[in-house]
Each structure stands twice: as C-alpha cells, then as structure tokens.
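Morning, everyone. Let me put the model up, and then I'll walk through a few side-chain contacts.

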Amino acid sequence: MAEELKPSTFYTVYGEPQLDQSKQDALLYLYQPIIGSHAASLYLTLISDVTLEGKSPSLMHTDLLAAIDIGLMHLVKAREHLEGIGLLETYQQTDDEIGMSLIYQLRSPVVPEKFFQDPLMSYLLMDKVGRRRYERLVERFKPQLFDKGQVKNITKRFREVYRLDDKAFASQTEVLEQTQASFSDNTDFDWTLFSQQLKRFNLILGAEEREKLQTFQTLYGVNELDLAEFVAKAAAGEKTGLNFNYLRQLINKEKRPKVSAAPKEPLTEKAVETGSFSPQESEIIAQSKKIAPVTFLRAIKREKGGFETNTEVRLLEELIGRNLLPKSVINIIINYILVIQNQAVINANYLNAIANDWAQKKITTPEAAITHVRENNQKLVRKPQASRPAYQKRGTGRKEALPEHIKQPPKETKLTPEKEAELNRKLAEYLNKEGDD
C-alpha cells in the first residue's frame, strides 16, 4: 500500500472526537515512548479531523503531511506504528472517480491502569525508557489505595438504590438488544440468543463482564445455551457481578472433551491436499478455524500422552483477551510450540514472543502462519546457528533477535519429520472427531 499512497489520496477518519484526561496521559507518557513522536503526532492530528459526529469530512493526505511536517514514507511508518500497537485500523477502498482512498478507524488508548495490567505493553515501555523511568511512571499512575482492614464497606448496591420495573424493562428488550448489537463486534456467537437465555435467570450483564465472556466463549467454544447456564451458576449467591473464577472451573469441568478408548478410523478423504499443504496439514488448518483453543490444546496433549495445565489455559485466555490474533492462528501457535518444537508445556514468555511477532507481521490466517513457520525453518536449515532466534526479519538479512530476558523454552529434541507427520495425522483424526460432535 505504501507504493500506492500519494499526497493526493483522500482519507476519512472515524473515532472519538476527543480523549479524556486519563487517555491523553496514557498516550503522552506510556504510548509515545513506544510508538515515537511522529506516530503520536499523527494520532492527535487524526483526532483533530474528527467532528462531534465521530467522522471527519473527506480530506487529502497533502493536508495531513503539512500538519505533522513529515514526508510520505515517514507518514506510512508512523501509521504502521499506530496499527501495530492497536491505536489505528486502516481500510482501503476504490472508487471509479477518485481512485483509491483510505478509511482510518481510531482506537482509544487504554487507561494507565489497564496498560500496566498488560505484561507485553509494560515490557515494551520499560525497554524504551529504562527501568528507572519505568518505575517512576508506575508510581505516577499507581492507584492510591487505603488499608481496608479497619473500615467497613457501607456502599449501597444497585437494587438498594434504584427501583427497576422488571416488566417495563422486559417490554423494551428488542430495542435494547438492537442497541447492544450495534456496539458489539460481529462474531459467530449469537449474543442476542445468549441475552434471551439470561432473561430466564433475571441477569443483567455490564460491558466489562460481557467483554470477559467474549474471551471465555472464544477460548472454550461454548455455545449460547451452555454459556447462559454456566453464567447463571457463576452469578448465584453473588451480590453483584459474576464469579469468573468459579465460571472458569465450571466450564473446565463440564466441557472437558470425553476421550474414547475405541480405536480410531483412518483419516477420511475430506483432508484433501490444498496447494502446498499436506492432507494432514489441510485438515488441521480446517479444524483450527472451528475448534476452540482449549480443545485444540487438549487434543495435542492427549496425543502426546500428557495433559493441559491451568497455567497454559490462563495464558491462552490472556492472549485471546488482547484481540491481536484470531483463534485459528492461536491454534497454529499451540501446534508450533507443542508439536513442531516438541515442548512439553507452553512457556509464557515464548508464547507471548511468538504471538507478538506474528501480530506485527499481520499473520491473520492459519495458512499464512504455517507458511511463515516453513520459511523460517528453511532459513534455519540453511544457516544453522546455536543461538539463532526463532524468527527473523525477511529481506534485509538482519537478525531480529528477541530480548535476552525473553527466554527461549527449555531445550528439547525436535520431532523427526516422520514422527511429526504421524502426530499430525493422529491430531487431525481427533480434531475431525471433535469438530463433528
């Protein structure tokens, strides 16, 4: 796209017309050291283009270049920095009259409290500003808490203060659900059906709870009816909100795949070779798109004679919650670590390093993920080095070494191609069976 972009190219910006103080502070003190001053300036300039209606008029990049006083290539680089960190989404469209134009969808910075809860963002900041300044920033934004040991919480609950007419509330269900859907991301999960099921239990979910439930649904692949049942159990006895720890235990206990001791049937012909992918790889690609990451993890562990750990499940939950990669690509990462690298468990630093690398390389499909792994392995074969990193930048030949303190996983002997193919075959069989259940 960089070659096609011209100063005369039109663009439109969508987003919030202004940031509150906490988000401004996050952009200035926390994001800017990571993304650079040009990217921060570009972000603020794009915000200034947005009207109170949440959309800018159609503008030309000539004006944008003049406003931030940088060249076109620097503009593209700044835009990519915003895209990589999650502050901007860029879309391209073509019109017969004006040719190519761009749509910029701005995303708000997370508030400092959420920023420091993300280990990856915290590390990126510390890597840029150094340990001493990082600690000063932590102190600056750390919540000021008080000792609750000697005090009594007398805060009133919602039902104690507000009288909700349940019948009147129920009568507006259709309008409220349409509103809710207009603010939600599109997924295969039917949130309207899920909300209807919750009515049976007189439950009302807040935005934060709904966001967490979206992560749970992606992670475990729970359907609408089952998730409503689990949520009802997790809310029972709670004065407010859901007990997410109990919800996690319920799903893990009741949705654990049942493993049959009966012999498996041979791999069906539906795993037809696609392009350069083997039949087993094609089947895994297909199943990675429809099977939940926890089920995928358990399938691999089962074929290797092991079991998934609570830590591994929580790592996947955190990764999904970042919304950086689709579940199909996360499944390929699981396969890469446990099958290709033949690791016994998923290491947190290694998982985050790979996910971060793939997200920055815009790997959004399992096909692209497998192709990337193949190309990487070929390079390693041609130039074997004991300390060579698992991933490197293409084209320049320069090593893209991971930081030393992002440790590689424990050294284990990789599977031979024959054993890897056999494990992939068994895994494809099991995943195919899971997908049909």
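Ground rules. This is a predicted model: local features need pLDDT of at least 70, side-chain atom pairs count only at pLDDT 80 or more, and totals for chains, interfaces and linings use all residues. Residues are numbered from 1 along each chain as its sequence is written, and side-chain values use heavy atoms, with hydrogens and water left out.

Aromatics. Rings of Phe, Tyr and Trp (its six-membered ring) pair if their centres lie within 6.5 Å; planes under 30 degrees apart are stacked, over 60 edge-to-face, and the rest tilted. That rule gives six aromatic pairs. Take Phe-115 and Phe-116: the ring centres are 5.5 Å apart and the planes sit at 80 degrees, so this pair is edge-to-face.

Buried or exposed? Buried is under 20% relative accessible area, exposed is over 50%, and partly exposed is in between, with a 1.4 Å probe and protein chains only. Phe-115 is at 0%, so it counts as buried. Phe-116 is at 21%, so it counts as partly exposed.

Phe-116 also pairs edge-to-face with Tyr-134, at 6.0 Å centre to centre and 65 degrees between the planes. Phe-116 is in helix α5 (residues 112–116) and Tyr-134 is in helix α7 (residues 131–141), so the pair ties together parts 18 residues apart in sequence. Helices here are DSSP runs of H or I, at least four residues, numbered from the N terminus. Tyr-31, Phe-115, Phe-116 and Tyr-134 make up one aromatic cluster.

Now α7. Which of its residues are buried? Tyr-134, Leu-137 and Phe-141. Looking down the axis of α7, these buried residues fall within an arc of 60 degrees, so they line one face of the helix. The arc is taken from the directions from the helix axis to the C-beta atoms. An α-helix has 3.6 residues a turn, so residues three or four places apart point the same way. Turned away from the buried side of α7 are the exposed Arg-131 and Arg-132. What do the buried residues of α7 pack against? They pack against α1 (21–35), α5 and α6, where contact means heavy atoms within 4.5 Å.

Last, Asp-118. Asp-118 sits in the loop between α5 and α6 (119–129). At 18% relative accessible area, Asp-118 is buried. A polar atom of the Asp-118 side chain lies 3.0 Å from the backbone nitrogen of Leu-120.

Terms used: Helices (H or I, at least four residues) and strands (E, at least two) are DSSP runs, numbered from the N terminus. A polar contact is a pair of N or O atoms within 3.5 Å; within protein, one must be able to donate a hydrogen and the other to accept it, and residues adjacent in sequence count only if both atoms are side-chain atoms.
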